[in-house]
Amino acid sequence: ELEERFGTGWGIAIASAIFGTVHLVNFGQDPKQALYAVPTIAVLGSSLGLAYVHTGHKLETSVAMHFWYDFLLSTVSFAVDPNHQPFVVSYGATL
C-alpha cells in the first residue's frame, strides 16, 4: 500500500520507520538502549523491504531474513550473558 501510494523509495522508507517504531515496545525498560537499537532496526526494516521488492513482492525471503536476524541476535545475546535471558530456567536443591 505504501509503495503504491508514495512510490518504492518512500514506501520502503516509511515502512522502515514504522517497523523501527513498532519495535520500541522491546525497549520499554531501557530508553537509552532504544536510541541506538530503533534506528538499527529501521535499517534492518529497509533491507527487508528491499528484499520484498526485489523478490517480486514475496514475503518468504523477508520473513526468513527476519527469523535469522532474530535467531543470531538471540544466540549472541545468550552466549554473552546466559544467566539473564527470559527463557533461562534455574533450579537447584538445598541440602
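**Contacts and overall layout**

Mentor: Of the contacts in the protein chain with a separation of 6 or more, 33% are between residues 24 or more positions apart, where contact means heavy atoms within 4.5 Å. Please keep in mind that this is a predicted model, in which local features need pLDDT of at least 70 and side-chain atom pairs count only at pLDDT 80 or more, while totals for chains, interfaces and linings use all residues. Residues are numbered from 1 along each chain as its sequence is written, and side-chain values use heavy atoms, with hydrogens and water left out.

Trainee: How many helices and strands are there in the protein chain?
Mentor: The protein chain has four helices and zero strands, and from the N terminus on its elements run α-α-α-α. Helices (H or I, at least four residues) and strands (E, at least two) are DSSP runs, numbered from the N terminus.

Trainee: And what share of the 95 residues is buried?
Mentor: Buried residues account for 19% of the 95, with buried meaning under 20% relative accessible area, exposed over 50% and partly exposed in between (1.4 Å probe, protein chains only).

Trainee: Which residues make up the largest nonpolar core?
Mentor: That core has five residues, namely Phe 27, Ala 34, Ala 37, Val 38 and Ile 41. A nonpolar core is a set of buried Ala, Val, Leu, Ile, Met, Phe, Trp, Tyr and Cys residues joined through side-chain atoms within 4.5 Å.

Trainee: What does Val 38 touch, leaving out residues up to four places away in sequence?
Mentor: Val 38, which is in helix H3, touches Gly 20, Thr 21, Leu 24 and Phe 27 on that count. Val 38 counts as buried because its relative accessible area is 15%, and its C-alpha lies 8.9 Å from that of Phe 27, eleven residues apart in sequence. Ala 37 also lies in helix H3, and Ala 37 is buried at 17% relative accessibility.

Trainee: Switching to the surface, which residues form a nonpolar patch there?
Mentor: Phe 67, Trp 68, Phe 71 and Leu 72 form it, with about 460 Å² of accessible area together. Patches are made of residues with over 30% relative accessible area and no salt bridge, like charges being joined within 9 Å and nonpolar side chains (Val, Leu, Ile, Met, Phe, Trp, Tyr) within 5 Å. Accessible areas come from the Shrake-Rupley method with a 1.4 Å probe, and for residues only the protein chains shown count as cover.

Trainee: How many aromatic pairs does the whole structure hold?
Mentor: The search finds three aromatic pairs. One of them joins Phe 67 and Trp 68 edge-to-face, at 5.0 Å centre to centre and 80° between the planes. Trp 68 and Phe 71 are edge-to-face as well, because their planes are at 85°, with ring centres 5.4 Å apart. Rings of Phe, Tyr and Trp (its six-membered ring) pair if their centres lie within 6.5 Å, and planes under 30 degrees apart count as stacked, over 60 as edge-to-face and the rest as tilted.

Trainee: Last one, which side chains meet in a salt bridge?
Mentor: The structure holds one salt bridge, between the side chains of Arg 5 and Glu 1 (3.9 Å, N to O). The term requires a side-chain nitrogen of Lys or Arg within 4 Å of a carboxyl oxygen of Asp or Glu. Arg 5 is exposed at 62% relative accessible area, and Glu 1 is exposed at 66%.
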